[in-house]
Amino acid sequence: MATYCISDIHGCYDEFMALLNKIKFNPEHDAVYILGDVIDRGSRPIDCVQFIQKTKCIYFLMGNHEQMLLDFIDCKNNTWYHNGYEATMAQLELLPEGEVDKLVDYIRRRPYYKTVKVGEKRFFLSHAGLNPRIPFYDQSDRALLWSRKEFFGRKARNTHVCIFGHTPTTYLTANGDFSVWFDPIHDDKICIDCGCVFGGRLAALRLDDMEPFYVEAL
């Protein structure tokens with residue numbers, strides 16, 4: 001059995017399938033945690049969600065793009081319209097109304113974070129990180145979905161390694177490439193958004209031994 005994390009698929013369905021094939025994902029033995037932003041930007045976002053929804057042992061956490069979709073549906077704001085909504089809307093419009101309701105309800109029930117233990121290591125999984133100054137159970141949705149600079153530069157946790165996406169790693173790696181970023185200062189956070197939808201790569205991090213796997217953007 002192996003445990004993997006993937007983040008920021010953003011509708012890149014073919015790359016997602018290729019990555020699952022590359023890691024030889026077996027739903028009878030393995031677990032995959034998707035750290036949000038399955039939808040928007042890429043061409044097949046709803047196909048990605050439906051595959052995750054029906055596949056055993058793939059666990060989908062909330063991302064800021066899923067939250068923007070829900071906020072739009074709930075008439076809270078229209079920021080979704082400014083963040084690559086087009087492909088998601090186009091695929092939703094092709095579904096029967098009942099199927100749309102079921103899919104939206106599924107997205108609405110996604111957790112904002114998850115803690116897991118693999119071997120002797122403990123991990124905190126969320127889309128964008130967390131607020132380092134407060135406990136897990138007091139984290140705001142905004143911190144879990146939108147954190148960036150205020151999270152990168154601080155010690156996050158003594159007890160857990162924080163795995164997150166949201167920020168393409170080209171902005172964090174020393175040479176600006178699309179590789180998994182391991183915090184070189186605090187050694188307590190890892191970013192796995194390797195910018196597939198922006199021409200980078202889709203990454204899976206195996207938590208058992210911290211080995212990254214990549215599929216190039218098609």
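Leu19 is buried, with a relative accessible area of 0% (buried means under 20% relative accessible area, exposed over 50% and partly exposed in between, with a 1.4 Å probe and protein chains only). The model is a predicted one, in which local features need pLDDT of at least 70 and side-chain atom pairs count only at pLDDT 80 or more, while totals for chains, interfaces and linings use all residues. Residues are numbered from 1 along each chain as its sequence is written, and side-chain values use heavy atoms, with hydrogens and water left out.

Leu19 sits in helix α1; helices (H or I, at least four residues) and strands (E, at least two) are DSSP runs numbered from the N terminus. Leaving aside neighbours within four places in sequence, Leu19 is in contact with Ile6, Leu202, Ala203, Ala204, Phe213, Tyr214 and Val215, where contact means heavy atoms within 4.5 Å. Leu19 and Tyr214 are 195 residues apart along the chain, yet their C-alpha atoms are separated by 6.9 Å.

The relative accessible area of Cys162 is 1%. Beyond neighbours within four places in sequence, the contacts of Cys162 are Phe124, Leu130, Phe151, Ala156, Asp188, Lys189 and Ile190. Ala128 lies 34 residues from Cys162 in sequence and 9.5 Å away in space, C-alpha to C-alpha.

Turning to helix packing, α2 (residues 45-54) and α5 (residues 97-108) pack at an angle of about 70 degrees, with their axes 11 Å apart. Here axes are lines fitted to C-alpha atoms, for helices over the stretch in contact, and angles run from 0 to 180 degrees between N-to-C directions. The two helices α2 and α5 are therefore roughly perpendicular to each other (65 to 115 degrees; under 35 counts as roughly parallel, over 145 as roughly antiparallel and the rest as oblique). Ile46, Val49, Gln50, Ile52 and Gln53 of α2 meet Lys102, Leu103, Tyr106 and Ile107 of α5. By class, this contact has six nonpolar, two polar and one charged residues, with Ala, Val, Leu, Ile, Met, Phe, Trp, Tyr, Cys and Pro counted as nonpolar, Asp, Glu, Lys and Arg as charged, and the others, Gly among them, as polar.

Within α2, the residues Pro45, Ile46, Cys48, Val49, Phe51 and Ile52 are buried. Their cover includes α1 (13-22), β2 (31-34), β3 (58-60), α4 (86-92) and α5.
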